[in-house]
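Here is a short briefing on aromatic pairs and a surface patch. Look at the structure first, then read the points.

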Amino acid sequence: RVQGRAGGMRALVCREWGDPTKSRAEGGVLGVEDVPAPSRVPPRGIRVRVICASLNFADCLLVRDRYQEKPALPFTPGGEFCGTVLELGAEIRTSGAFRVGQTIAGAVIGGGAMAEELVVPDASAAFVVPAGISPAVASSFPIAYGTAYMALAQRARIGPGTKVLILGAGGGVGLAAVQIAKALGARVVAVARGGDKIRACLDAGADACLDSDALHASSSATDKSETTRSGKTGKTAPFRTREETFELLLSATRRAFGGALADVLFDPVGGAAFSRGLSSLRWGGQALVIGFASGSIPNLPLNVALVKNVTVHGVYWGAHAAKDPNAMAKCGSEVTGLLKRKKLAPKVDVSAMAPLESAHVLFRALEERRVVGKAVVVVSGQEEATRAVVERESSRL
């Protein structure tokens, strides 16, 4: 059915836990295989020919057996996709919500997107891609933007003037949070590492950016800068790149917000960043725990939460599919509405696009924090054409 192989398809397969950043020939655990195509579409499901699948940090953790959920081996990574509808389940055919041939994007819990075909078990996890949005960009939207919207809009209930401090703002979910917070009228201070990520945050609408390398105290004086949307810079304290302490986050946050502290902390990083971020909240503030990209799960400093009357929210978007599907559906509808109204513009790192055979290169770039926005696996094999479309799309923003 796919590329002339009746009943078969190519897929990126993990057969044992281990390193996703190398090919199997180099000792890694991911490899492209010919496997059977999905044979059954459930009543509310959709069969899709995958064009692109985007990468999340959770995919790295899954392959290394460090995620909170553990798929059965062997499995195919990938939770976000964009592709063409091949077949509809009986209920979806009757509903008329989708039709064969449409380009759709969506999320699949537990992986499976890095394959030529995919069955989405429930069509509520998918949406028709609006005109003018490329498959690579569409594949970068569902989980990152769904998570950020659920956290900021449904949990923290931010609105005009809310002061939001976003850690890890140069990554996929971080940039999504910057865009969503600005779309909802908030003031945003974004924390990211390096010039490329800072520029991406400013392009996404951040009011000010803090270079995370400038937030680690050091005895060797090296100046780094805070950058605002006006282009002004101001010297901050010396930094140390080896140990990420974030000791200077509180004072830098206060300066960036003009003497005030943050109302909301959005944290996909964890480690020392969370502890210092919690101290950067005002009395009665809210902390949103999104993930632990630093590799370190922090201890919650309850004394700070007590004294400051801080509310800490854990936000695991994927769990809502089973625990609270109505909340997930509401979130998906509202955030997709912002996309359709062009209030959001997912960023794909054009240097982080690769075919299935080179997916391990993208895993490595993500783990090394070199990706600005989202990394995308071009499953269709049309990598260069897809990259060109994304570049044109970015130039229009």
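L302 lies in helix α9, residues 302-308. Helices (H or I, at least four residues) and strands (E, at least two) are DSSP runs, numbered from the N terminus. This is a predicted model: local features need pLDDT of at least 70, side-chain atom pairs count only at pLDDT 80 or more, and totals for chains, interfaces and linings use all residues. Residues are numbered from 1 along each chain as its sequence is written, and side-chain values use heavy atoms, leaving out hydrogens and water.

**Surface**
- L302 is exposed, with a relative accessible area of 56%.
- Exposed means over 50% relative accessible area, buried under 20%, and partly exposed in between (1.4 Å probe, protein chains only).
- L300, L302 and V312 make a nonpolar surface patch of about 250 Å².
- Nonpolar side chains (Val, Leu, Ile, Met, Phe, Trp, Tyr) are joined within 5 Å, like charges within 9 Å.
- Accessible areas come from the Shrake-Rupley method with a 1.4 Å probe; for residues, only the protein chains shown count as cover.

**Aromatic pairs**
- The structure holds 4 aromatic pairs.
- Rings of Phe, Tyr and Trp (its six-membered ring) pair if their centres lie within 6.5 Å; planes under 30 degrees apart count as stacked, over 60 as edge-to-face and the rest as tilted.
- Y67 and Y316 form an edge-to-face pair, 6.3 Å centre to centre with 85 degrees between the planes.
- Y67 is partly exposed at 22% relative accessibility.
- F127 and F141 are both buried.
- Ring pairs link F127, F141 and Y145 into a cluster.

Definitions and conventions
Patch = residues over 30% accessible without salt bridge, like charges linked within 9 Å, V, L, I, M, F, W, Y side chains within 5 Å. Salt bridge = Lys/Arg side-chain N within 4 Å of Asp/Glu carboxyl O.
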